[in-house]
Amino acid sequence: MILPKQTRLTPDQLNEVTHIVSAFGCRIQPIVGALRTIYAIVGDERDDLMITRLEGLTYIDRIDKIQSPFRLMDRRSDLATHRIRLGGVTLGDELFVIAGQCTIDPKSPSLLYETAAAVKEAGAHVLRGGVWKPRTNPYAFQGDTKSLDILMEAHRRTGLPVDAEVMDEAQLRLALDAGVHMLQVGARNALNYSLLRAIGRAVAERDTVVLLKRSLHMGPISEFISAAEYIASFGNPNILLCPRGTAPALDGYRNHPDESITPLLKEKTWAPVVVDPSHSVGRASYVPACALAAVAYGADGLCIETHVRPAEGIGDDPKQALTPEMLAETIAQAQQIWNLRRAARVTAPVA
Ligand code: PEP
Ligand code: MN
């Protein structure tokens with residue numbers, strides 16, 4: 001919708017505007033009001049170049065876009081009825097839980113096997129395990145490709161689908177070839193559009209689910225949904241949106257908790273929201289409260305770092321991971337909030 005600075009466009013201005021939009025396959029329909037005339041763009045108005053050209057005209061006040069830039073991820077898109085199923089759960093129907101270690105220790109495979117069995121027992125549906133890790137310090141442990149075998153062995157032992165982060169195309173290929181069920185795009189890569197494209201292309205032919213973390217530096221919610229749109233645009237819409245805290249950190253927390261964006265996401269997109277309270281608040285003692293808040297805000301699931309013996313964890317584990325007992329307790333409490341939400345539909349107006 002074009003809003004001119006004056007009450008209406010002059011015939012010359014209307015000609016120029018018509019000329020621009022027709023080059024993009026659209027036409028102009030004036031809507032004549034008592035005080036001013038506005039101009040609807042009829043056709044697909046989402047071409048950024050067309051909008052930029054129009055916005056460059058000095059006599060135009062602004063362009064209001066009516067169509068969503070998210071052709072696939074928008075709540076009003078044809079995909080709104082799409083359902084994602086993993087680990088025996090259809091997202092949205094039951095509380096969905098991903099749990100496991102931040103980082104797999106390639107020297108101690110049995111730790112992951114114990115963690116896997118324990119998170120399954122606690123009620124998790126997917127096992128997470130960091131094979132390759134994005135680390136701030138280049139000398140810190142970066143993960144090890146050998147851990148991929150350990151992760152897949154944990155899957156064979158428990159039957160739980162597994163989730164691992166990939167940071168480049170080589171890791172993506174290895175993870176898919178190994179049969180990883182869920183690919184994680186980490187907070188540091190959620191704005192890496194070439195990786196998002198590569199993931200979109202690679203998962204297009206498969207059922208692989210993508211857990212897309214929110215970048216620490218993302219601005220408007222639309223930036224987060226656009227990142228998902230990058231992946232979906234290649235044909236696989238199995239994408240879960242994962243708020244995990246943003247920068248700057250709230251004093252005392254690892255990041256700034258952002259589970260409260262859940263209702264905003266749900267208003268704009270049909271994609272399930274799976275909140276990661278672990279990286280958000282960063283301390284095991286704060287994680288359960290953040291997890292419960294996320295479910296109260298309407299989250300479809302949780303992604304919680306859990307270690308059978310946190311003190312023996314590497315990566316984030318020692319201070320951040322829950323024990324399996326804490327996980328079981330957190331899931332039980334989250335389930336109560338989920339049940340209340342379902343029964344009352346009070347806290348999550350758009351479930
Ligand atoms: C992780 O899940 O261990 C991780 C590194 O997450 P994030 O990308 O959210 O920091
Ligand atoms: Mn971690």
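First, some ground rules. This is a predicted model, in which local features need pLDDT of at least 70 and side-chain atom pairs count only at pLDDT 80 or more, while totals for chains, interfaces and linings use all residues. Residues are numbered from 1 along each chain as its sequence is written, chains are lettered from A and ligands numbered from 1 in the order in which they are written, and side-chain values use heavy atoms, with hydrogens and water left out.

Now the overall picture. The protein chain has 351 residues, and 53% of them count as buried. Its C-alpha atoms fill a box of roughly 75 × 45 × 40 Å along the principal axes. There are twelve helices and 14 strands; these are DSSP runs numbered from the N terminus, with helices being H or I of at least four residues and strands E of at least two. The chain divides into domain 1 (2-65) and domain 2 (85-347), with bounds that come from an automatic or database domain assignment. The C-alpha centres of domain 1 and domain 2 lie 44 Å apart.

Contact, in this talk, means heavy atoms within 4.5 Å. Among contacts between residues at least 6 apart in sequence, 70% join residues at least 24 apart.

What about the inside? In soluble globular proteins, nonpolar side chains tend to be buried together. A nonpolar core here is a set of buried Ala, Val, Leu, Ile, Met, Phe, Trp, Tyr and Cys residues joined through side-chain atoms within 4.5 Å. The largest one has 86 residues, and Phe96, Ile199 and Leu212 have the most contacts inside it. Helix H7 (residues 221-232) gives the most to this core, with seven residues. Apart from it lies another core, of 16 residues, among them Leu9, Ile20, Tyr39 and Leu54. As for Phe96, leaving out residues up to four places away in sequence, its touching partners include Leu86, Met182, Leu240 and Val274.

Back to H10. Its buried residues are Val287, Pro288, Cys290, Ala291, Leu292, Ala294 and Val295. What covers them? The cover includes strand E13 (274-275), helix H9 (277-281), strand E14 (301-305), helix H11 (317-320) and helix H12 (324-344). After H10 comes Gly298, with a positive phi near 110 degrees.

Another backbone detail is the cis peptide bond joining Ala247 and Pro248, with omega about -5 degrees. Pro248 lies in the loop between E12 and helix H8 (262-268). For context, most residues other than glycine have a negative phi, and most peptide bonds are trans.

Next, the ligand. Which residues surround ligand 1? They are Cys102, Arg128, Lys133, Glu165, Gln184, Gly186, Ala187, Arg188, Lys213, Arg244, His279 and Glu305, counting a residue if one of its heavy atoms lies within 4 Å. A polar side-chain atom of Arg244 lies 2.6 Å from an oxygen atom of ligand 1. For the side chain of Gln184, an N or O atom is 2.8 Å from a ligand oxygen, and for His279 the distance is 3.0 Å. Taken alone, ligand 1 exposes 290 Å², and the protein buries 98% of that; such accessible areas come from the Shrake-Rupley method with a 1.4 Å probe, and for residues only the protein chains shown count as cover.

Let me finish with two residues. Asn238 sits in the loop between H7 and strand E12 (239-242), and it counts as buried because its relative accessibility is 9%. Its side chain reaches the backbone oxygen of Asp207 at 3.3 Å. That is a polar contact: a pair of N or O atoms within 3.5 Å, where within protein one must be able to donate a hydrogen and the other to accept it, and residues adjacent in sequence count only if both atoms are side-chain atoms.

Glu16, in helix H1 (residues 11-22), counts as partly exposed because its relative accessibility is 37%. Leaving out residues up to four places away in sequence, Glu16 touches Leu57 and Tyr59.

How values were computed. Buried means under 20% relative accessible area, exposed over 50%, partly exposed in between (1.4 Å probe, protein chains only).
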